[in-house]
Amino acid sequence: MKKILLSIIALCCTMAVSAQGTDEISAVLQHGEEVSVYKGSTGLQQAYAAASDGDVITLSKGTFYAVNIEKSLTIYGAGFEANEETKTDITTINATLNVGKADDVIEGFHIEGVKINGNLAFTQKLKNSTVQRCYITSHLTFAKDIESVRVKQCRVGGDLSGSKTVLANGLLITNCYVWGLINYFSNESIVNIDHSFIGYQYNTYYDYNDYNNYAQFLWTNSIIFNRGPNYRMATGNCATVKNCIVVNGGGGIRDNNIIENCYYVDLANLFADGTDAAYAEDRTWKLQDETTYKGTDGTPIGPSGGFGWYKVPSTPYVKDLNATVNGTNLDVDYEADVR
């Protein structure tokens with residue numbers, strides 16, 4: 001309850017800053033029971049400099065300069081898409097965001113409700129961490145071993161990958177829309193792609209360079225889209241594929257995969273909200289036939305099943321804000337609700 005209350009206070013601080021002037025962007029740092037506000041596009045950098053492990057940074061809508069993160073922080077934004085109904089707006093970090101502490105492990109890192117205009121690069125070891133309800137316009141990469149990491153309800157414009165020497169000891173990619181490759185972790189890795197949409201397949205270049213040998217993943221309840229005749233296989237060698245939809249038109253699942261209860265469906269007959277696979281803000285990825293195409297958990301295959309295609313950050317939101325100056329104090333009246 002205290003964490004929720006502090007989050008509401010942080011949101012009030014960001015909104016109060018806007019209420020005083022010209023919608024100025026801000027970053028709010030929560031350190032224990034202390035709350036500090038940093039204004040402008042350098043707000044994230046200022047808040048980070050003052051932060052300690054375990055602190056929470058809440059970003060308003062607007063665009064912030066990136067910072068190299070070497071601390072175990074929680075970062076909340078206003079969202080990666082604007083939507084009046086859900087009270088979300090867009091928080092942008094306008095460059096690649098590097099996360100990692102040299103020769104150490106970052107544990108408990110959480111980022112949510114942010115558009116990263118570039119790569120999200122985890123440069124060192126990572127443990128018990130989450131990337132949730134974010135849009136990474138380029139690649140999401142892991143340069144060192146990871147343990148118990150979740151990528152949930154995210155849009156990734158490029159690849160989601162490691163390297164053939166990176167051990168992923170429990171990487172869950174769930175309810176995501178990934179337009180690039182998911183591949184390139186060591187053969188001992190435990191990687192599960194669940195209730196997601198994957199839009200890229202291996203072509204002759206990747207076969208030649210042996211990338212697909214480092215993708216022995218578990219695919220469950222996901223939709224594998226074929227981009228065209230030059231893109232042949234979606235899954236790596238020796239993967240396990242259960243209750244997935246493979247879009248007809250070429251490509252598919254490798255012969256050496258373990259395949260259970262998979263379906264081949266024409267794209268035009270797949271989604272209830274469109275006849276293509278192009279991303280749009282109003283896409284729900286709801287299936288035309290949710291009765292036939294069910295996952296291992298009994299919910300529809302693809303992002304609409306499982307946790308659902310839900311993009312709203314889990315922070316509370318503030319409405320009916322009224323900020324007035326009272327001498328040297330700023331009096332703030334508001335109502336708070338949970339999304």
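Predicted model: local features only at pLDDT ≥ 70, side-chain atom pairs only at ≥ 80, totals over all residues.
Student: Which residue in β7 is the bridge partner of T63?
Tutor: Residues are numbered from 1 along each chain as its sequence is written, and side-chain values use heavy atoms, with hydrogens and water left out. Strands (DSSP runs of E, at least two residues; helices are runs of H or I, at least four; both numbered from the N terminus) pair if DSSP finds at least two bridges between them. β4 and β7 run parallel, joined by 3 bridges, and the β7 partner of T63 is T92.

Student: And which residue in β11 is the bridge partner of T92?
Tutor: Strand β11 covers residues 115–116 and pairs with β7 in the parallel sense over 2 bridges. Within β11, the partner of T92 is K115.

Student: Which residue takes a positive phi in the hairpin of β6 and β7?
Tutor: Strand β6 (residues 80–83) runs antiparallel to β7, with 2 bridges between them. The hairpin has 4 residues between its strands, and the one with a positive phi near 60° is K87.

Student: Is D103, another residue with a positive phi, buried or exposed?
Tutor: D103 is not a glycine, yet its phi is about 60°. You will find D103 in the loop between β8 and β9 (105–107). Buried means under 20% relative accessible area, exposed over 50%, and partly exposed in between (1.4 Å probe, protein chains only). With 78% relative accessibility, D103 counts as exposed.

Student: What about N261: buried or exposed?
Tutor: N261 sits in the loop between β28 (258–260) and β29 (263–265). Its phi is positive too, near 55°, in a residue other than glycine. At 54% relative accessibility, N261 counts as exposed.

Student: Within what arc do the buried residues of α2 fall, seen down its axis?
Tutor: Helix α2 spans residues 43–50, and its buried residues are G43, L44, A47 and Y48. These buried residues line one face of the helix, because the arc they fall within, seen down the axis (taken from the directions from the helix axis to the C-beta atoms), is 130°.

Student: Which strands are included in what covers that buried face?
Tutor: An α-helix has 3.6 residues a turn, so residues three or four places apart point the same way. In this model, the cover over the buried residues of α2 includes β1 (26–31), β2 (34–39), β3 (56–59), β4 (62–64) and β7 (88–93).

Student: How far apart are the C-alpha atoms of G40 and T63?
Tutor: G40 is in the loop between β2 and α2, and it is buried at a relative accessible area of 17%. Beyond neighbours within four places in sequence, G40 has contacts (heavy atoms within 4.5 Å) with E24, I25, S26 and F64. G40 and T63 are 23 residues apart along the chain, and their C-alpha atoms are separated by 8.7 Å.

Student: Which residue's backbone oxygen does the side chain of S72 reach?
Tutor: S72 lies in the loop between β4 and β5 (74–76) and counts as buried at 16% relative accessibility. Leaving aside neighbours within four places in sequence, its contacts are S52, D53, G54, D55, I106 and E107. At 2.9 Å, its side chain reaches the backbone oxygen of E107.

Student: Which are the edge strands of the open sheet?
Tutor: This sheet has 5 strands in the order β8-β12-β15-β18-β21, with parallel pairing. Two strands pair on one side only, and these edge strands are β8 (97–99) and β21 (182–183).

Student: Which residue in β15 is the bridge partner of F122?
Tutor: Strands β12 (residues 120–122) and β15 (residues 140–142) run parallel, with 3 bridges joining them. In β15, the partner of F122 is F142.

Student: How far is the sulfur of C176 from the closest cysteine sulfur?
Tutor: A disulfide is a pair of cysteine sulfur atoms within 2.5 Å, and a search of the whole structure finds 0 of them. C134 is in none, with its nearest cysteine sulfur, that of C154, 5.1 Å away. C176 is buried at a relative accessible area of 0%. Its sulfur is too far from that of C154, the closest, for a bond, because the distance is 4.9 Å.

Notes. Polar contact = N/O pair within 3.5 Å; in protein donor to acceptor, adjacent residues only side chain to side chain.
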